[in-house]
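Good morning, and thank you for coming.

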Amino acid sequence: MSVQEPFTIEQFYKFLGQQKLMAGKCLKCGKIHLPPRPLCDNCLSQDFEWVSISGKGKLLTYTFIHIAPEQFQALVPYAVGIVELENGLKIPGMIQKINQEQLKIGMALTLDFGTCSSPQQWPQWPRYCFRP
Amino acid sequence: LNGKPIVSIISAGMSKFGKREGLLTRELFSEAAFEAFTRCPKLDPKKDIKAMFIGHMGEAYEHQGHTGSTIADWAGLTGIPATRTEAACASSGAALRSGIYAVLSGLADVVVVGGAEKMTHRTTSEVTEYLAMASDYPFEQWHGITFPGLFALMATAHMHTYGTTEEQLALVAVKNHYHGSLNPKAHMQKEITLQMAMTSRYVAWPLKLYDCSLITDGASCIVITKPELADKYTDQPVHIVGSAQASDTIGLYERKSLTSLNATKIAAKTAYDMAQLKPKEIELAEVHDCFTFAELMAYEDLGFCKIGESGKLIESGQTRIGGKIPVNTSGGLKAKGHPVGATGTAQAYEMYLQLTGQAGKRQVKDAKVGLTHNIGGSGATSVVHIYRGTQ
């Protein structure tokens with residue numbers, strides 16, 4: 001994997017747009033950061049490499065949002081959760097194609113890469129989601 | 001500091017909390033300032049007050065930033081250094097911390113710390129969006145996770161791990177609305193029933209409308225000085241004997257625990273050590289009940305009960321006025337209201353009233369030692385103070 005790309009949230013989402021889930025691994029202490037950071041919060045090093053992460057994980061907790069900001073109001077009620085991936089990495093996101101009765105803490109979920117819907121405006125980040 | 005006073009509160013003021021139509025933040029604050037100035041006749045505000053720190057979260061509400069100097073201006077204190085502190089819902093808890101730094105540094109002997117927020121003129125959807133700005137943008141807000149949503153994620157995990165129930169959450173609302181009914185400055189002064197709380201609509205499952213604090217307008221402030229100067233201004237100062245603030249990751253998802261706030265645990269330990277007190281020696285507390293679940297989590301993180309047993313503590317009734325450790329005698333954020341920037345020093349205002357025997361119908365008898373707990377966002381900031389009365 002190339003080491004040219006900066007270890008930033010912007011780059012994380014660029015990879016995501018290419019259907020790749022990537023984390024930054026600190027070359028000094030070995031801590032894996034998802035999202036990547038330009039400064040390791042463990043050992044304060046700036047030296048990283050990209051590592052590919054599997055999108056398969058398990059649901060740690062969830063909620064159903066009934067009152068949302070304007071831009072999400074059309075989707076209510078929608079499920080969001082925090083998913084634990086390999087190496088104990090955790091990431092939040094919407095959970096789609098599921099109803100409340102089917103949601104269970106500990107269940108297996110897979111990351112769906114999603115698409116970037118607003119190409120003109122910052123931020124150009126794809127909205128990934130999780131599915132059973 | 002070994003339990004000695006760090007600073008002393010010589011006066012305090014709070015605006016009526018509620019839907020305050022037609023007023024701006026600065027005008028709300030002048031109401032709180034006037035009370036603080038008149039409550040302490042020996043204080044000459046224009047001569048004695050040397051600095052001001054003001055908690056204020058959002059310029060989006062009124063299209064108004066630069067709130068420190070704006071508020072000093074409307075409080076009649078133009079000229080002194082006035083700075084806004086921002087730590088989301090802990091903004092005025094952070095203002096109090098800044099005031100303590102200023103007094104201890106020796107640069108300012110008498111300091112006003114306070115906070116204010118005007119929110120009710122905005123729609124619920126707008127307020128939901130502005131409040132969410134206190135959480136992580138690229139991974140939480142961006143994916144539709146609201147502020148109630150973050151606390152709902154923690155509540156779900158707590159219910160799963162410890163068997164906490166929606167009814168136990170609702171009991172926090174019932175208690176705090178009862179306390180609010182005794183506070184003439186509270187936003188909501190009506191009691192609610194368990195059934196009302198349990199049947200209210202979901203905001204972010206498992207949190208319902210009655211699990212959420214109120215969108216409120218309000219302002220609050222306290223006046224602090226060095227302990228050795230307190231007698232010059234009042235014969236009934238309240239001493240701050242513990243003061244701590246801690247931080248955590250901005251993203252909830254990066255934290256080690258989803259059922260406890262590490263920033264609160266760190267701040268509590270530091271404040272207890274400073275005050276040389278144990279949790280069981282605290283006689284009353286104002287804790288950050290932005291959501292009912294947050295109050296339960298605070299019981300555990302502050303050491304009022306064992307981890308996982310906060311549901312039992314609320315059921316026992318011991319956190320009601322008359323119980324072993326009354327919590328949120330003011331009505332809390334739940335019933336008194338939560339004008340976010342004002343909340344931290346509104347908690348200190350309640351503690352000032354309680355520890356000087358001026359809390360009226362909600363007075364905790366012979367209260368001498370109290371604690372306030374103010375968190376920002378989903379817990380990336382936590383501020384804990386411990387107070388000792390002198391009556």
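A:Arg37 forms a salt bridge with B:Glu254, and their closest N and O atoms are 3.0 Å apart. By salt bridge I mean a side-chain nitrogen of Lys or Arg within 4 Å of a carboxyl oxygen of Asp or Glu. The rule finds one salt bridge across the interface of chain A and chain B.

A word on conventions. The model is predicted, so local features need pLDDT of at least 70 and side-chain atom pairs count only at pLDDT 80 or more, while totals for chains, interfaces and linings use all residues. Residues are numbered from 1 along each chain as its sequence is written, chains are lettered from A and ligands numbered from 1 in the order in which they are written, and side-chain values use heavy atoms, with hydrogens and water left out.

Let me continue with the interface. In contact (heavy atoms within 4.5 Å) are 35 residues of chain A and 31 residues of chain B. The two chains bury about 3,000 Å² between them, 66% of it on carbon and sulfur atoms; this is the accessible area, with a 1.4 Å probe, that two parts lose on being put together, summed over both. In chain A, the residues that lose the most area to chain B are A:Ile67, A:Lys90 and A:Pro92, together 19% of what that side buries.

Which residues form the largest nonpolar core, by contacts inside it? B:Phe151, B:Phe304 and B:Ile386 have the most, in a core of 102 residues. Such a core is a set of buried Ala, Val, Leu, Ile, Met, Phe, Trp, Tyr and Cys residues joined through side-chain atoms within 4.5 Å. Buried means under 20% relative accessible area, exposed over 50%, and partly exposed in between (1.4 Å probe, protein chains only). Apart from this core lies another, of 33 residues, including B:Ile9 and B:Met351.

Finally, B:Gln363. This residue is partly exposed, at a relative accessible area of 22%. B:Gln363 touches B:Leu353, B:Gln354, B:Gly357 and B:Gln358, leaving aside residues up to four places away in sequence. Its side chain reaches two backbone nitrogens: that of B:Gln358 at 3.3 Å and that of B:Ala359 at 2.8 Å. The C-alpha atoms of B:Gln363 and B:Ile321 are separated by 8.2 Å, although the residues lie 42 apart along the chain.

Definitions and conventions. Polar contact = N/O pair within 3.5 Å; in protein donor to acceptor, adjacent residues only side chain to side chain.
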